[in-house]
Amino acid sequence: MSTANVAPGTSGSALRELTADELAQLDDCERVIAAGLTGFLEVADALHTVQEKRLYQNKYDNFDAYCWGKWGFTTRRSRQLIAAAKVARNVGTDVIQNERQARVIASEKPAEQLAIVADAAAANGGKLTTSALKKAKAKRAEPPVNPNTTVNGKAAPEPRDVAQLRKSGMIGADVKVSVTDHGAPDKPKQERDAGEDEVTDEDWVRRLPLWKQLSEKLRPEFEKDAIAFRHANDVEDPVMDSLRAFFRRENKGMKEKGLPPYMKRIQVLLKTPDPSDWKLCMSTQDGGCGGKGRTKFSMCPKCFGLGYVIIETRQVKAK
Ligand SMILES: [Zn+2]
């Protein structure tokens with residue numbers, strides 16, 4: 001096989017020749033993806049075909065490398081598209097109007113998706129919008145109002161802990177409970193602002209101060225790293241949320257220095273600042289490379305040749 005065809009970042013170990021039929025199919029798929037504007041359904045289907053049939057295998061080791069190398073977006077992005085298409089198929093391609101709407105309910109079970117769409121349309125004069133979907137989804141996720149429980153003197157959705165105590169029998173079903181809620185802790189999670197969420201990884205990463213400061217050669221590693229942060233810190237990421245809660249609970253009363261090694265690792269993860277606060281490597285006077293990745297004679301020992309460093313922040317982010 002000629003190596004001229006091998007895509008950058010590909011080891012070559014998983015490459016194979018495509019048949020003429022496969023090549024034609026790949027060509028068709030890529031035409032659709034490239035057009036892009038024909039709608040997310042077609043794009044999602046074409047991506048899905050490339051993934052399922054491994055049509056990327058003439059140039060890329062895997063689907064991730066293909067998405068990134070060929071289209072400049074992450075697998076997460078293509079998973080989102082594919083998931084959105086599934087939603088559209090479930091609730092009706094004439095009902096869901098765009099990918100953004102589909103994504104609001106993509107994580108729900110098919111029957112629940114239909115229920116949310118019905119509620120949203122009903123509450124919004126028959127018109128489906130992204131915000132109507134979000135409201136309907138939030139409303140359905142709310143615990144029901146229990147007439148025996150008041151919050152701050154008013155009927156309101158029964159707080160989760162009270163509902164659990166009732167369920168377990170610790171509080172009898174007809175016992176009246178009045179809850180005083182001081183606000184802060186039970187507030188709904190701040191959703192990432194809708195505008196921000198629409199920004200592609202590529203555009204987002206280019207707006208970071210470091211992206212402009214780093215040389216073109218050093219950018220790819222930084223981009224990967226920053227985008228990894230973006231995904232791992234998604235507001236709705238249950239892993240990060242539960243780690244945060246776990247740490248807050250377990251860390252109580254522990255001295256920072258006395259943290260055992262695993263707790264320390266969690267702490268480092270949670271204290272990682274946002275990529276907009278990652279810093280260019282320190283100046284040569286301070287033993288760094290000033291962001292070049294190399295000192296006069298060798299790879300920079302402070303940033304391991306990457307040109308930037310992440311300095312832990314003081315506080316575990318309170319959410
Ligand atoms: Zn350095």
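I looked up the crossing of α4 and α6 and found it right-handed (the near helix is turned clockwise from the far one by less than a right angle; helices are DSSP runs of H or I, at least four residues, numbered from the N terminus). The model is predicted: I took local features only at pLDDT of at least 70 and side-chain atom pairs only at pLDDT 80 or more, while totals for chains, interfaces and linings use all residues. Residues are numbered from 1 along each chain as its sequence is written.

I noted that α4 and α6 pack at an angle of about 70°, with their axes 10 Å apart (axes are lines fitted to C-alpha atoms over the stretch in contact, and angles run from 0 to 180 degrees between N-to-C directions). The two helices are therefore roughly perpendicular to each other (65 to 115 degrees). V87, N90 and V91 in α4 meet P110, Q113, L114 and V117 in α6 (C-beta atoms, placed from the backbone, within 7 Å).

I then turned to α6 and α7, which pack at about 120° with axes 8 Å apart. Their crossing is right-handed.

Next I examined the largest nonpolar core, which has 31 residues (buried Ala, Val, Leu, Ile, Met, Phe, Trp, Tyr and Cys joined through C-beta atoms within 7 Å; buried means 20 or more other C-beta atoms within 10 Å of a residue's own). V50 and A84 have the most contacts inside this core. Among the elements giving two or more residues to the core are α4 (75–91), α6 (110–123) and α7 (130–141).

Notes:
A residue is buried if 20 or more other C-beta atoms lie within 10 Å of its own, exposed if 12 or fewer, and partly exposed in between; C-beta atoms are placed from the backbone. Angles under 35 degrees count as roughly parallel, over 145 as roughly antiparallel, 65 to 115 as roughly perpendicular and the rest as oblique. Two residues are in contact if their C-beta atoms, placed from the backbone, lie within 7 Å.
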